[in-house]
Amino acid sequence: MGNFFEDALQGRVQEIIDACTRCGKCVEVCPVKAPAGVTAPAQEVVSGVIDILRNGDGPEASRRWASTCMLTGDCIEACDYGVNPRFMLTMARLAIAKASAEPREQRRRGVETFRKLNREVTVQSRMQLEDGLLARLGQRTAAEDARGAPAPDFVFYTGCNLLKTPHIALLALDIMDALGVRYQVMGGPTHCCGVGQLRTGDTAVSANMAETTLKKLARSGQVLTWCASCQVQFTEVMLPAYERQVGSRPFEMTPFMRYLGERLEDLRPLLRLPVPLRVALHRHPGIPGVVEAAIALLAAVPGIELVDLGQPAIGLMSNALRTLPDYKKKLQLAEIEAAREAGVDALVAVYHVDHRELCAHERDWPFRILNVLEVVGASMGIAYPDHYKRLKLLQDVDLVMAECRDLLAHHGIAEEAARASIRAMIDEQPLPLKPLMEHAIVPSNETCSTVVQP
């Protein structure tokens, strides 16, 4: 798809240029415009984005708007002319990346990004899981194992980074088992969506990686996705390009949380056990229907009291807010303070990224950080220890190394790679924790505190 992918993107960009009326409605509804300091008239900002699409450069306000996009998606509904402004800004960022570096540098950056991703996913998953659970998550299964087996109802596509928090993925599989779903798990860096390479401007490698993954995912005509970033990358960038090439799509993609929402009446009888918690939902609205499904799932769990903290819901996932680091810290602190004032027992997130960034705050604040599937699982009588949170709460590379020594040795993880990946885990903390000396470290054998008890 490599060469064709470039042609497909250029064709879609030209369609945007032709269809966009420069009305500015997408800018007007953007929740990031004000915090990003984009004060130019909306019509001028959009016109500048069109300039960027044409030649890789444009007015500063337009570049700023494109580069700070958090993929919230409000702009999509605002457009009356068939343009997806979120995709338009993706293409504007791509044009900027291509104009700012030579192809060799684009390739180098993309390779470095992928190597870092591969190392961290590999190490962080293997310092938590033994071989059997890795195999269940598709990480130890040869492609030949699927030969001769009936096609699954769905491919469950984890993406790459969900494997860093494997308890969430394992809960998803148990829930599908309880619903009688036949599925095959795919994911990890060998099934990359290519978004990292696209961000550096290396469209050729991005397309090749995505096409390889597309062929693997096509084992079933239906794919359930966990990662919102993968969902956007495939449904808004890669699949439309593939469709232009062959005239059809090899599969459709449905966000897993939305799928559970659609199966709520089937799931409801399985929610047998009360989970007496007062909770608030950490919300990102970038994928339509996901927040609504999470709310419906929590409301169906007996014993749950759901509290609305009245905080802004912005972005695709927490990492999408990295474009404005100070604003991101401000939003996270306001939400955590609101959760404290509301007296919640738990702040519940949907996505793996949100869990990774928030979970260590459990040490500093009077409530727990949970994933929505932990709450659903507790009501079904299923649970997995959150080793990621337990290890991150140690806040010390040497302590984590000591805790994971046996698993790291079993999987043959070199010390240098382990230390770098553990440091990355600890440093993924946009809103800093309070000084460690103010808190007692949770002993490593107290893992039961990380599991929701029904």
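**Reading the core and the rings**

Reply: Consider Trp 65 to begin with: leaving aside residues up to four places away in sequence, Trp 65 touches Cys 26, Val 27, Cys 30, Val 38, Val 45, Val 49, Met 88 and Leu 89. Contact here means heavy atoms within 4.5 Å. The model is predicted, so local features need pLDDT of at least 70 and side-chain atom pairs count only at pLDDT 80 or more, while totals for chains, interfaces and linings use all residues. Residues are numbered from 1 along each chain as its sequence is written, and side-chain values use heavy atoms, with hydrogens and water left out.

Me: How many residues does the largest nonpolar core have, and which have the most contacts inside it?

Reply: In soluble globular proteins, nonpolar side chains tend to be buried together. A nonpolar core is a set of buried Ala, Val, Leu, Ile, Met, Phe, Trp, Tyr and Cys residues joined through side-chain atoms within 4.5 Å; buried means under 20% relative accessible area, exposed over 50%, and partly exposed in between, with a 1.4 Å probe and protein chains only. The largest such core has 125 residues, and those with the most contacts inside it are Trp 65, Phe 156, Phe 234, Phe 256, Met 257 and Leu 373. Helix α12 (residues 228-246) gives the most to this core, namely nine residues. Helices (H or I, at least four residues) and strands (E, at least two) are DSSP runs numbered from the N terminus. Another core, of 29 residues, lies apart from it and includes Ala 338, Cys 359, Met 425 and Leu 431.

Me: How many aromatic pairs are there?

Reply: Rings of Phe, Tyr and Trp (its six-membered ring) pair if their centres lie within 6.5 Å; planes under 30 degrees apart count as stacked, over 60 as edge-to-face and the rest as tilted. The count comes to five aromatic pairs. Among them, Phe 156 and Phe 256 are edge-to-face, at 5.2 Å centre to centre with 70° between the planes. This pair links distant parts of the chain, since Phe 156 belongs to strand β1 (residues 154-157) and Phe 256 to helix α13 (residues 256-262), 100 residues apart. Phe 156 is buried, at a relative accessible area of 0%, and Phe 256 is buried at 0% as well.

Me: Why is the pair of Phe 256 and Tyr 259 called tilted?

Reply: The pair is tilted because the planes stand at 35°, with the ring centres 6.5 Å apart. Both residues lie in helix α13, three residues apart, about one turn of the helix. Tyr 259 counts as buried at 6% relative accessibility. One aromatic cluster is formed by Phe 154, Phe 156, Trp 226, Phe 256 and Tyr 259.

Me: Which strands does β3 join through bridges?

Reply: Two strands pair if DSSP finds at least two bridges between them. Strand β3 (residues 222-225) runs parallel to β1, with three bridges, and parallel to strand β4 (residues 252-255), with four. Leu 224 in β3 is the bridge partner of Phe 156, and Leu 224 also stands opposite Thr 254 in β4.

Me: Where does Phe 4 lie, and which residues does Phe 4 touch?

Reply: Phe 4 lies in helix α1 (residues 2-19) and counts as partly exposed at 26% relative accessibility. Not counting residues up to four places away in sequence, Phe 4 touches Ala 241, Arg 244 and Gln 245.
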